[in-house]
Amino acid sequence: MTTATTPPIPTAAPDLPRPRPRLGWRLRFAALSLIWGFSFLLIKVGTDGYAPFQVTLGRLVFGTAVLAAAMAVKRERLPRGARTWGHLAVAAFLLNALPFSLFAYSELTIPSTLAGICNATSPLWGMALSMVALSEDRPTRVRVAGLGIGFVGVLTVLGAWQGFDGLDARGTAMALLASLSYPIGWIYVRRTLAGNGSSHLALTGAQLLLATVQLAVVTPLFTSLPTRFPLLPSLAVVALGALGTGLAVLIQYGLVAEVGPTTAQMVTYFIPVIATAAGVAVLGESLAWSTPVGAVIVLAGAALTQVKRGT
């Protein structure tokens with residue numbers, strides 16, 4: 001999934017059939033779009049009271065707690081084998097610890113709207129990387145054109161014709177690097193954990209647990225213990241973890257199981273729209289014309305990169 005969350009980990013053993021959810025998939029799709037779209041706002045609010053590493057650690061702690069509760073309800077066990085756990089540790093770094101931290105640091109200096117749009121470039125990075133790393137995923141002319149269009153959109157968002165005037169280069173670079181980290185992680189997972197045999201829930205629960213341990217080791221090295229716990233940033237961190245990381249993953253897996261990955265991944269194209277609307281309406285962030293126009297171009301290019309051969 002092209003978001004600042006945990007994407008599905010492919011396995012050879014599908015999860016057991018589940019009862020049909022009470023809520024229709026369209027309502028759950030809308031809920032997932034809102035949760036992930038508002039995640040960038042929550043990061044911004046969280047960093048108003050806590051250091052970026054603390055926001056990320058809190059996010060992972062509460063997200064892992066939700067996955068642990070779901071595993072307990074379904075009586076799932078953590079994966080076994082040192083090799084599997086080694087691969088999961090790398091996945092945890094590339095798909096959780098690194099991008100979550102980079103987005104948190106980036107939003108110290110850039111608006112949440114820009115961070116949300118940078119996140120939408122993940123399919124573009126993924127397309128570029130797959131041309132090199134995945135021999136079975138050969139590009140078509142349409143997908144290559146989508147790649148070019150998408151990066152024109154990125155340049156539009158960043159105001160390249162103005163020499164990137166007023167843009168915080170460091171924060172923007174961090175957000176773009178975070179979006180690049182996701183497809184690198186997905187390719188790694190695809191090469192190392194496909195056919196593992198464990199369920200999606202067990203693998204993701206273990207992955208989040210490992211990411212939490214990684215941040216628990218790093219955070220004390222760069223931050224000191226908080227001396228106060230402001231209410232609004234604290235609530236933002238809890239919501240970011242429990243909803244934006246834990247519950248969102250469970251909703252996503254349900255959607256993939258019911259309507260397939262192609263339809264479920266369409267949520268990607270709603271996230272920057274919601275992130276932009278939330279940043280402007282709730283946080284009062286300014287919005288130049290180039291931001292929404294560039295975002296539309298980015299999404300159009302990203303959509304073209306997902307067109308399969310023969311469709």
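Buried means under 20% relative accessible area. Keep that cut-off in mind for this predicted model.

**A covered helix**

Start with helix α4, which spans residues 112-119. Eight of its eight residues are buried, so by the cut-off the helix is mostly covered. The buried residues of α4 are Ser-112, Thr-113, Leu-114, Ala-115, Gly-116, Ile-117, Cys-118 and Asn-119.

Two of these names come up again at Val-157. Val-157 lies in helix α6, residues 141-158. It touches Leu-114 and Ile-117, and also Ser-290, Thr-291, Gly-294 and Ala-295, leaving aside residues up to four places away in sequence. Ala-295 is 138 residues from Val-157 in sequence. In space, the two C-alpha atoms are 6.6 Å apart. Val-157 has 10% relative accessibility, so Val-157 counts as buried.

**The whole chain**

Now step back. The protein chain has 12 helices and zero strands. Read along the sequence, its pattern is α-α-α-α-α-α-α-α-α-α-α-α. The chain has 311 residues, and 51% of them count as buried.

Contacts can also be sorted by sequence separation.

| Helix pair | Axis spacing | Angle |
|---|---|---|
| α2 and α9 | within 7 Å | roughly 40° |
| α3 and α7 | within 8 Å | roughly 165° |
| α2 and α3 | 8 Å | about 135° |

How does α2 lie relative to α9? Their axes cross at roughly 40°, and the two helices are therefore oblique to each other. α2 passes α9 in a right-handed crossing. On the α2 side, the contact is made by Val-55, Gly-58, Arg-59, Phe-62, Gly-63, Val-66, Leu-67 and Ala-70. On the α9 side, the residues include Val-237, Leu-240, Gly-241, Gly-244 and Leu-247. By class, the contact of α2 with α9 divides into 11 nonpolar, six polar and one charged.

In general, an α-helix has 3.6 residues a turn, so residues three or four places apart point the same way.

α2 also packs against α3. These two helices are oblique to each other as well, at about 135°. α2 passes α3 in a right-handed crossing. From α2 come Pro-52, Phe-53, Thr-56, Arg-59 and Leu-60. They meet Asn-96, Ala-97, Phe-100, Ser-101, Ala-104 and Tyr-105 in α3. This contact has seven nonpolar, three polar and one charged residues.

α3 passes α7 in a left-handed crossing. How many residues of each class make the contact of α3 with α7? There are 19 nonpolar, seven polar and no charged residues.

Gly-185 lies in helix α7, residues 169-192. Is Gly-185 buried or exposed? At 0% relative accessibility, Gly-185 counts as buried. It touches Leu-94 and Leu-95, leaving aside residues up to four places away in sequence. Gly-185 and Ala-92 are 93 residues apart in sequence. Their C-alpha atoms are 8.4 Å apart in space.

Thr-84 sits in helix α3, residues 82-106. Its relative accessibility is 11%, so Thr-84 counts as buried. Beyond residues up to four places away in sequence, Thr-84 touches Pro-79, Leu-193, Asn-196 and Leu-203.

Helix α9 has a kink of about 35°. The kink is centred on Ala-248. After α9 comes Gly-260, whose phi is positive, near 90°.

Arg-75 lies in the loop between α2 and α3. Its phi is near 60°, a positive value in a residue other than glycine. Most residues other than glycine have a negative phi. At 77% relative accessibility, Arg-75 counts as exposed.

Methods. Residues numbered from 1 in each chain as written. Predicted model: local features only at pLDDT ≥ 70, side-chain atom pairs only at ≥ 80, totals over all residues. Heavy atoms only, no water. Axes fitted to C-alpha atoms, helices over the stretch in contact; angles between N-to-C directions. Helix = DSSP H or I, 4+ residues; strand = E, 2+ residues; numbered from the N terminus. Parallel < 35°, antiparallel > 145°, perpendicular 65-115°, else oblique. Left-handed = near helix turned anticlockwise from the far one by under 90°. Contact = heavy atoms within 4.5 Å. Nonpolar A, V, L, I, M, F, W, Y, C, P; charged D, E, K, R; others polar. Buried < 20%, exposed > 50% of the residue type's maximum accessible area, 1.4 Å probe, protein only. Bend = angle between axes of the 7 residues up to and from the residue.
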